[in-house]
Amino acid sequence: MYEWNNIRPLSFKAAILISISVVLTACNGLKTEFDSQQEHKLKLPVILEDTNSDPGVAEFSLEASEGRTEFAEGFPADTIGYNGSYLGPVLRFSSGEKVTIHVKNSLSFPTTVHWHGLVVEGEMDGGPHQGIMPGESWSPDFTVDQPAATLWYHPHLMGSSADQVYFGLAGLIYIDDEVSEGLNLPDNYGVNDIPLIVQDRNFRSDGYLDYRTSMMGVVPGDTILINGTLNPYLDVNRETVRFRILNASNSENFNFRFSDDSSFQQIASDGGFLEEPISRESLILAPGERAEIIVDFTKSGRDTISLMNGNSPILDFNISGKEMASAAIPDFLSDIAEIPEGDNPRVRVFELQSMGVTGTINGKSFDMDRIDEDVPLKETEIWVIRNLGGMMQTSGHPFHVHGTQFQVISRDGKDPPLEERGWKDTVFVKTGEEVKIKVRFSKEGVFMYHCHILEHEDGGMMGQFRVQ
Ligand SMILES: [Cu+2]
């Protein structure tokens, strides 16, 4: 069985490379220790080319492989990525489009690719049942049956999601539709429509990623990577800019704000646009959650502003040029039809408990051979998620449901906050809290529900349900 931690001692070749780089940098009188303060231009994942010329049909090729990434110059580290050495390209398709994705596993260990937030049949979902062995391929196909959204993809192999994501396997999915194209939002990719894949990491002094867990859980990273970039900066024009933010961390929540405490507009949650933009000054995202925000850099009299996580700057913006004409943010974004509810919807309760890096749902640890819930197709249900706490616990659990986008009904009996009134696929449930959601499944198959703290997921805090 594959164990990343055990097969990662410095290879002879890597040791030589590092010795050479250390000698070279020493000769130049530069630092020989890995320097996490080096500033780097924010990397942008490429948008993957659709290789099918037929309009209405999209075909993509992803290859997971091992590679080397220099997070800081002169310090190559072993990493894994899709079509590259760390993270992967953006998969972009349209609502209603037929999509085939050819996934090749060129890693030396098994993996899977789960399309987080995508509403597809169980067999196409990329969960633990769709393992891809080394050298093999998997080609799921589906029709995009949901509105415009920013989703993502990552491994979901039983017991090995956490380390595979940590060492680099993750990427974004953009869905476009008539609504997103008609809204006149900033959409110039890389200029005023910017993806931010945010991850906390620890580094060793030789520049390698240092994945550590303890009895208390995963060790939080002291360094933030955005799109795989260490200590990033980004040059922006004096205009409105849209950011699509993904918390792709294993276990850390982020509390985003700007260094000048300026407000911004949140326009989308996990599964697509909100009905109306929400003016905010901070934004918390738990692992797996996404948000789209619009920042108005024309208002700022400054030339530099930083995106912060709490009190730490994590991305510096250099604002330049004259004020550019920017379209006003629309007052209305999209209709969110309430999930229809019958007279007497079925209620299911999910009780979450954790201890260190392990956890249970309804007292059970995950078993691939056990179906925990049988859920009828196209029937609305109320799912009640309770966080009972536990020993050596985290502040809460991000509860993720595959195969659907759901609606949050209440938090501890109260109406959910405005930002949770749009489509969601992951909801954070604090210790002692009870969150009710309304779910309805339109695709058949076996799906997962689980905590999106990846160590908890790997540690058994997951169940499966069959929709038919
Ligand atoms: Cu958890």
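**Exercise 1. Aromatic pairs**

Task: How many aromatic pairs does the structure hold, and how are the rings of Trp-383 and Tyr-449 arranged?

Solution. 
- Start with the count. This predicted model holds 28 aromatic pairs.
- Take the rings of Trp-383 and Tyr-449. Their centres are 6.1 Å apart and their planes stand at 80 degrees.
- Planes over 60 degrees apart count as edge-to-face, so the pair of Trp-383 and Tyr-449 is edge-to-face.
- Now place the two residues. Trp-383 is in strand S28 and Tyr-449 in strand S33 (residues 445-451). The pair links distant parts of the chain, 66 residues apart.
- Both Trp-383 and Tyr-449 are buried.

**Exercise 2. The copper site**

Task: Which protein atoms are donors of the copper ion, and how are the donor residues spaced in sequence?

Solution. 
- The protein donors are His-397 through ND1, Cys-451 through SG and His-456 through ND1. They lie 2.0 to 2.1 Å from the copper ion.
- Read along the chain, the spacing is H-x53-C-x4-H.
- His-397 belongs to strand S29 (residues 396-401), and His-456 to helix H4 (residues 454-458). These two are 59 residues apart.
- His-397 and His-456 are both buried.

**Exercise 3. The largest nonpolar core**

Task: Which members of the largest nonpolar core touch the most other members, and why does this core lie between two domains?

Solution. 
- The core has 54 residues. Leu-91, Phe-93, Ile-101 and Trp-115 touch the most other members.
- Next, find the suppliers. Elements that each give at least two residues include strand S2 (57-70), strand S5 (98-105), strand S9 (149-154) and helix H2 (161-166).
- Then compare with the domains. Domain 1 (4-180) and domain 2 (193-323) both give residues, so the core lies between them.
- Look at Trp-115 itself. Leaving aside neighbours within four places in sequence, its contacts include Leu-62, Leu-91, Ile-101, Trp-138, Trp-152 and Ile-173.
- A second, separate core has 27 residues, among them Val-236, Phe-256, Ala-291 and Ile-305.

**Exercise 4. Salt bridges**

Task: How many salt bridges does the structure hold, and which parts of the chain does the pair of Asp-176 and Arg-92 link?

Solution. 
- The total is 26 salt bridges.
- Begin with Asp-78 and Arg-68. Their side chains meet at 2.5 Å, N to O. Asp-78 is in strand S3 and Arg-68 in strand S2, 10 residues apart.
- Asp-78, at 13% relative accessibility, counts as buried, whereas Arg-68, at 32%, counts as partly exposed.
- Move to Asp-176 and Arg-92, which meet at 3.0 Å, N to O. This pair links strand S10 to strand S4, across 84 residues.
- Asp-176 is buried at 13%, and Arg-92 is partly exposed at 23%.
- Take Arg-386 and Glu-351, whose side chains meet at 3.1 Å, N to O. Arg-386 lies in strand S28 (residues 381-389), and Glu-351 in strand S25 (residues 346-355).
- Arg-386 is partly exposed, with a relative accessible area of 29%. Glu-351 is partly exposed too, at 27%.
- Finally, shared partners join Asp-270, Glu-289, Arg-290, Lys-424 and Asp-425 into one network.

**Exercise 5. A glycine in a loop**

Task: Where is Gly-117 found, and is Gly-117 buried or exposed?

Solution. 
- Gly-117 is in the loop between strand S6 (114-116) and strand S7 (137-138).
- Its relative accessible area is 5%. Buried means under 20%, so Gly-117 is buried.
- The C-alpha atoms of Gly-117 and Gly-271 are separated by 6.6 Å, although the residues are 154 apart along the chain.
- Beyond neighbours within four places in sequence, Gly-117 is in contact with residues including Leu-151, Arg-290, His-400 and Asp-425.
- Arg-290 and Asp-425 also belong to the salt-bridge network of Exercise 5.

Key: Residues numbered from 1 in each chain as written. Predicted model: local features only at pLDDT ≥ 70, side-chain atom pairs only at ≥ 80, totals over all residues. Heavy atoms only, no water. Core = buried A, V, L, I, M, F, W, Y, C linked by side-chain atoms within 4.5 Å. Buried < 20%, exposed > 50% of the residue type's maximum accessible area, 1.4 Å probe, protein only. Helix = DSSP H or I, 4+ residues; strand = E, 2+ residues; numbered from the N terminus. Domains from an automatic or database assignment. Contact = heavy atoms within 4.5 Å. Salt bridge = Lys/Arg side-chain N within 4 Å of Asp/Glu carboxyl O. Donors = N, O, S within 2.8 Å, 3.2 Å for Na, K, Ca; no water. Phe/Tyr/Trp six-rings, centres within 6.5 Å; stacked < 30°, edge-to-face > 60°.
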